[in-house]
Amino acid sequence: MIVGMGIDLVEIARMRRLLAAQGDRALARLFTDGEVAYAMRRSEPVRHLAARVAAKEATFKALSGSAAARGIGIGWRDMEVVVHEDGRPMLMLHGAAECRATELAVACSWVTLSHSEGTAAAVVVLERA
């Protein structure tokens, strides 16, 4: 049974401007060390970082569901996109995001990422057993 779903788009140029203005501060605030390391190994890191921001926004939407849930303080680093050994993206939830997923009895999460020249996108689906 689906208990949450979210979608988000991020303009890659906007992410590029943010990183130019705030650099390491933005990286530390928005991403886990693993996410930064993954993106920096790519030829165009900003695309991969933008896709991860889209995934985090989509995850937040999927976890929220109500005004009370939106007030629980899920942070950027509470949601992490990792790469499965077969190459597909997976969500790892920590802190407040993990607590909210437990409240929803999330048993499985699905995430898909995409990007073009100008936009990164993500869709997240959360399932209960």
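User: In strand 5, which residue is the bridge partner of E11?

Analyst: T119 is the partner of E11. Keep in mind that this is a predicted model.

User: How many bridges join strand 1 to strand 5, and how do the two strands run?

Analyst: To read a strand pair, look at the bridges and the direction. Here nine bridges join strand 1 to strand 5, residues 119-128. The two strands run antiparallel.

User: What is the order of the strands in the sheet?

Analyst: To read a sheet, go across it strand by strand. This open sheet has three strands, in the order 1-5-4, with antiparallel pairing. Strand 1 (2-11) and strand 4 (106-115) are the edge strands. Each of these pairs on one side only. On average, neighbouring strands are turned by 10° against each other, direction ignored.

User: Which strands does helix 1 lie across?

Analyst: Look for contacts with the strands, then check the angle. Helix 1, residues 12-30, lies across strand 1, strand 4 and strand 5. Its angle to strand 1 is about 75°. Helix 3 also lies across strand 1, strand 4 and strand 5. Helix 3 runs at about 145° to strand 1.

User: At what angle do helix 2 and helix 3 pack?

Analyst: For a helix pair, read the angle and the distance between axes. Helix 2 (residues 33-40) and helix 3 (residues 45-64) pack at about 145°. Their axes are 8 Å apart.

User: Which residues make the contact?

Analyst: Helix 2 contributes E35, Y38, A39 and M40. Helix 3 contributes P45, H48, L49, R52 and K56. By class, five of the contact residues are nonpolar, one is polar and three are charged.

Methods
Residues numbered from 1 in each chain as written. Predicted model: local features only at pLDDT ≥ 70, side-chain atom pairs only at ≥ 80, totals over all residues. Heavy atoms only, no water. Axes fitted to C-alpha atoms, helices over the stretch in contact; angles between N-to-C directions. Helix = DSSP H or I, 4+ residues; strand = E, 2+ residues; numbered from the N terminus. Contact = heavy atoms within 4.5 Å. Nonpolar A, V, L, I, M, F, W, Y, C, P; charged D, E, K, R; others polar. Pairing = 2+ DSSP bridges.
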